[in-house]
Amino acid sequence: MKTRKIILFDGICNLCNQSVQFVIEHDKKNEFLFASLQSDFGQKFLKENNLDAENFESMIYIEDEKIYTKSSAPLKISKHLDGIISTLSIFIVVPKPIRDFVYNFIAKNRYNWFGKNDSCWIPTKELNARFLD
């Protein structure tokens, strides 16, 4: 876990699933591993780190044993992606309360705007090795 970059996401959220698929598409170095917050790995991680294991209001990004949540997570992730998307990481200079206000607004409305599934997204056989159980 030290050297890998891990993204924990809400597995039933369509926006979250689309975001993971976007990261996979732009992660040409295959640096990221993924797990849904609902998975055994996700639940264990949340409990071990005293994070809410039932109400998923933030994507979680783990890099070098540091945990990033809310707006910091996607901005830290974008830094490692190929193409112009990596430039989004410059928004880390925006004060965190402002970034998190926008993040929280989107997170609160994501199911209404993007919908949700009854179960977690299942990766293809080719991608399965990048997902933690």
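1. A search through the whole structure turns up five aromatic pairs. Rings of Phe, Tyr and Trp (its six-membered ring) pair here if their centres lie within 6.5 Å, with planes under 30 degrees apart counted as stacked, over 60 as edge-to-face and the rest as tilted. Please keep in mind that this is a predicted model, where local features need pLDDT of at least 70, side-chain atom pairs count only at pLDDT 80 or more, and totals for chains, interfaces and linings use all residues. Residues are numbered from 1 along each chain as its sequence is written, and side-chain values use heavy atoms, with hydrogens and water left out.

2. Take Phe 32 and Tyr 61: their ring centres are 5.9 Å apart and their planes meet at 50 degrees, so this pair is tilted. The pair links distant parts of the chain, as Phe 32 belongs to strand S2 (residues 32–36) and Tyr 61 to strand S3 (residues 60–63), 29 residues apart. Helices (H or I, at least four residues) and strands (E, at least two) are DSSP runs, numbered from the N terminus. Phe 32 is buried at 0% relative accessibility, and Tyr 61 is buried with a relative accessible area of 0%. Buried means under 20% relative accessible area, exposed over 50%, and partly exposed in between (1.4 Å probe, protein chains only).

3. Phe 105 and Trp 113 have ring centres 5.5 Å apart and planes at 65 degrees, so they form an edge-to-face pair. Phe 105 is partly exposed, at 48% relative accessibility, and Trp 113 is partly exposed too, at 46%. Elsewhere, ring pairs join Phe 9, Phe 34 and Phe 131 into a cluster.

4. Which charged ends sit over the ring of Tyr 111? One belongs to Arg 110, 4.5 Å from the ring centre, and another to Lys 116, 4.8 Å from that centre. The criterion is NZ of Lys or CZ of Arg within 6 Å of the ring centre and within 35 degrees of the ring normal.

5. Leaving aside neighbours within four places in sequence, Arg 110 is in contact (heavy atoms within 4.5 Å) with Asp 10, Cys 13, Leu 15, Cys 16, Phe 56, Glu 57 and Gly 115.

6. Helix H1 (residues 14–26) has 13 residues and reaches 18 Å from its first C-alpha to its last, close to the 18 Å expected at 1.5 Å a residue; that expected span is 1.5 Å times one less than the number of residues. Its buried residues are Asn 14, Cys 16, Asn 17, Val 20, Val 23, Ile 24 and His 26. They pack against strand S1 (5–9), S2, helix H3 (72–78) and helix H4 (96–114).

7. Finally, the whole. The protein has four helices and four strands, in the order β-α-β-α-β-β-α-α along the sequence. The radius of gyration is 14 Å, close to the 14 Å that the globule rule gives for 133 residues, so the protein is as compact as a globular protein of that length. That radius is taken over C-alpha atoms, and the rule is 2.2 Å times the number of residues to the power 0.38. Of the 133 residues, 44% count as buried.
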